[in-house]
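Visitor: I am new to reading protein models, and I would like to learn how to look at one feature after another. Could we take them slowly?

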Amino acid sequence: MNALVAVAIAPFGVGDELAPEVAEVVRVIRESGLPNRTYSMFTEIEGEWDEVMAVVRNATFVLAQKGIRTEVILKADVRPGFENMMEQKVRSVDAILESDVADGDAEKGEWHEHAR
């Protein structure tokens, strides 16, 4: 069953700069071969549930096996019959926003200007 997961895996109690440890985690995720995207606070991974959870486990253990206390925050969208949710969810929102602009909704247009 397809799942889209947003996960944050980070060391706990290792100092102020976490980038080296986070890079180790992201490397495991990217080398998994599953579709993924890394953002400033979460990495999204999409695939079959068991495959995604194995990647989360492996990425977590890359730090934990070094004796580093590791925090995992996970949010999952399990939607039977759907694939490519990482792309499709964003496209759906973008289409609505583009429609708002195309419709010339002045009130929404003003909001967009202020939001920039």
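Guide: Let us begin with a term: a salt bridge is a side-chain nitrogen of Lys or Arg within 4 Å of a carboxyl oxygen of Asp or Glu. Side chains of opposite charge can pair when their charged atoms come close. Please keep in mind that what you see here is a predicted model, and that a search of the whole structure finds four salt bridges.

Visitor: At what N to O distance do the side chains of D77 and K89 meet?

Guide: The side chains of D77 and K89 form a salt bridge at 2.6 Å, N to O. Because D77 belongs to strand β4 and K89 to helix α3, the pair ties together parts that are 12 residues apart in sequence. D77 is partly exposed, with a relative accessible area of 22%, and K89 is partly exposed too, with 39%.

Visitor: Which residues do salt bridges with shared partners join into one network?

Guide: One of the links is the salt bridge between the side chains of R37 and E87, at 2.3 Å, N to O. This pair connects distant parts of the chain, with R37 in strand β2 (residues 36-38) and E87 in helix α3 (residues 85-102), 50 residues apart. Through shared partners, R37, E87 and R91 are joined into one network.

Visitor: Let us turn to a helix. Where do the buried residues of α2 fall when one looks down its axis?

Guide: For this step you need a cut-off, since buried means under 20% relative accessible area. Helix α2 (residues 49-64) has 16 residues and reaches 22 Å from its first C-alpha to its last, close to the 22 Å expected. Its buried residues are V52, V55, V56, A59, T60 and L63, and, seen down the axis, they fall within an arc of 125°, so they line one face of the helix. What covers them includes β1 (2-11), α1 (19-31), β3 (43-48) and β4 (70-78).

Methods:
Residues numbered from 1 in each chain as written. Predicted model: local features only at pLDDT ≥ 70, side-chain atom pairs only at ≥ 80, totals over all residues. Heavy atoms only, no water. Helix = DSSP H or I, 4+ residues; strand = E, 2+ residues; numbered from the N terminus. Expected span 1.5 Å × (residues − 1). Buried < 20%, exposed > 50% of the residue type's maximum accessible area, 1.4 Å probe, protein only. Arc of directions from axis to C-beta. Contact = heavy atoms within 4.5 Å.
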